[in-house]
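Student: I've got a new model open and would like a quick tour. Could you walk me through it?

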Amino acid sequence: MLKNIILIVISLILFFALLETGAAIYIKLSSTKLAPLTEDFAETPDSPHLFDREVGYRLKPVYSDKNIKTNSMGFRSSRDFDFKDAQRKRVMILGDSMAFGYRLEQKNVFSEILNDKNIGFDFVNTSVIGYTTAQEYLTLKKYIDIIKPEIIILFYYQANDIWENCRNDCFHPKAYLSNGRLAIAGVKKHSGTAFYKRSNFYRLLDKRILQGMDLQYFIQRLDFGIRGKNSVVWKTMREILSEIGGIARRRNIKVIVIDIPTINQVKKPSGSRARQNLLVKACEEEKFLYYDLLLYYPDDRKELFCDWKYDAHWNKNGQQFIASFIEKIFSENKLLHGKHENK
């Protein structure tokens, strides 16, 4: 038996050595460029990001390039908001690259469109590319008493939000449960990389097929597929939503959750809705206003995205749609006007 085990181990080592050698040769002959390993947070003059030990990273205050402008608080906005003005109604936006307006000029971001229209609210967009729901929750805690919003809009992206919260790579604070309660680990400037992720074979496979789906991702998907609402990722997400609800209720703030479907769900609306169903129930329990964008996208939804096949981010048409959608919500829902209690 010992000999057999040794033979199996040696065979596996040789097999992966061949894969690694083959991948290295292919990369060299095809001149394929692999994404560099990001293990140390680089605060360069050209980067819009600053390291933040609690949140992971955030936008630099008063940053500007050809597409992005931030105000003195480090929010993506062309203007500063007077948070001391008690007469101004404010909406705090929580989100990732979808709400941030990935690759878009400042003027095309939905929050800028709404602020230019001046519909009676200041829309404070705290979204940052790559943020998890855990980071959005930490952002809420950090700025809630400065912004003093009447309404919070949480953009929930079905494609990755549930999977990202429990990770501790890419300078994301890891969310986990401790005795049934939410806990979040701090972030270090140096983030290690698993051994297998350093290999040419994995990096090539990631570039061509996986696109960020690693071993941890597949374990989480398997856990969710088997246990559903009892899986680690969903129980963690549920606690994050509960914490957001608690913050809002203590301050009498209304919460809107805008559920962004995956691009596969947009293409095939009849697909699985397991994650949406769990989110709907959570929003009902937390008394959040819930909107599923899949029910509101226009028939020509293909025109809303940067690239129907490769890039599911909204283009300027998509951002204009979101601006009009939010404006319609605010005009039709009387609960969003005046003081209210989140009971």
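Student: How do H1 and H6 lie to each other?

Tutor: H1 and H6 are oblique to each other. For angles, under 35 degrees is roughly parallel, over 145 roughly antiparallel, 65 to 115 roughly perpendicular, and the rest oblique. Before we go on, this is a predicted model, where local features need pLDDT of at least 70 and side-chain atom pairs pLDDT 80 or more, while totals for chains, interfaces and linings use all residues. Residues are numbered from 1 along each chain as its sequence is written, and side-chain values use heavy atoms, with hydrogens and water left out.

Student: Thanks! At what angle do the axes of H1 and H6 cross?

Tutor: They cross at roughly 60 degrees, and the axes of H1 (residues 2-30) and H6 (residues 200-210) come within 8 Å. The axes are lines fitted to C-alpha atoms, for helices over the stretch in contact, with angles from 0 to 180 degrees between N-to-C directions. Helices (H or I, at least four residues) and strands (E, at least two) are DSSP runs numbered from the N terminus.

Student: Which residues in H1 and H6 meet?

Tutor: On the H1 side you'll find Leu19, Glu20, Ala23, Ala24, Tyr26 and Ile27. On the H6 side, Asn200, Phe201, Leu204 and Arg208 meet them. Contact here is heavy atoms within 4.5 Å.

Student: New topic. How many salt bridges does the structure hold?

Tutor: There are 19 salt bridges in the structure. Each is a side-chain nitrogen of Lys or Arg within 4 Å of a carboxyl oxygen of Asp or Glu.

Student: Which residue forms a salt bridge with Arg198?

Tutor: Glu39 is the partner, and the closest N and O atoms are 2.6 Å apart. Arg198 sits in the loop between strand E7 (181-184) and H6, and Glu39 in the loop between H1 and strand E1 (49-52), so this pair joins distant parts of the chain, 159 residues apart. Arg198 is partly exposed at 39% relative accessibility, whereas Glu39 is buried at 15%. Buried is under 20% relative accessible area, exposed over 50% and partly exposed in between (1.4 Å probe, protein chains only).

Student: What about Asp116, which side chain meets it in a salt bridge?

Tutor: That's Arg79, at 3.3 Å from N to O. Here too the pair links distant parts of the chain, with Asp116 in helix H3 (residues 110-117) and Arg79 in the loop between strand E2 (56-59) and strand E3 (90-94), 37 residues apart. Asp116 is exposed, with a relative accessible area of 60%, and Arg79 is partly exposed at 31%.

Student: And where do Glu327 and Lys117 lie?

Tutor: Their side chains form a salt bridge at 3.0 Å, N to O. Glu327 is in helix H11 (residues 316-332) and Lys117 in H3, so parts 210 residues apart in sequence are tied together. Glu327 is partly exposed, with a relative accessible area of 26%, and Lys117 is partly exposed at 39%.

Student: Which residues are linked in a network of salt bridges?

Tutor: Look at Arg167, Asp169, Lys197 and Asp214, which are linked in such a network.

Student: Back to H3. How many of its residues are buried?

Tutor: Six of its eight residues are buried, leaving H3 mostly covered. Those six are Phe110, Ser111, Glu112, Ile113, Leu114 and Asn115. Their cover includes E3, helix H2 (97-100), E4, strand E5 (151-157) and H11.

Student: What comes just after H3?

Tutor: Asn118, which takes a positive phi of about 55 degrees. Asn118 lies in the loop between H3 and strand E4 (122-125) and is partly exposed at 48% relative accessibility. For background, most residues other than glycine have a negative phi. Lys287 is another non-glycine residue with a positive phi, about 65 degrees. You'll find Lys287 in the loop between helix H10 (274-286) and strand E9 (289-292), partly exposed with a relative accessible area of 45%.

Student: Last bit. Is Asp161 buried or exposed?

Tutor: Asp161 is buried, yet has no salt bridge. The nearest side chain of opposite charge, Arg275, is 9.4 Å away (Lys and Arg count as positive, Asp and Glu as negative; His and chain ends are not counted). Asp161 is in helix H5 (residues 161-164). Leaving out residues up to four places away in sequence, Asp161 touches Asp96, Thr133, Phe155, Tyr156 and Met237.

Student: And which residues is Asn333 in contact with?

Tutor: Setting aside neighbours within four places in sequence, Asn333 contacts Leu289 and Tyr291. Asn333 is in the segment after H11 and is buried at 15% relative accessibility.
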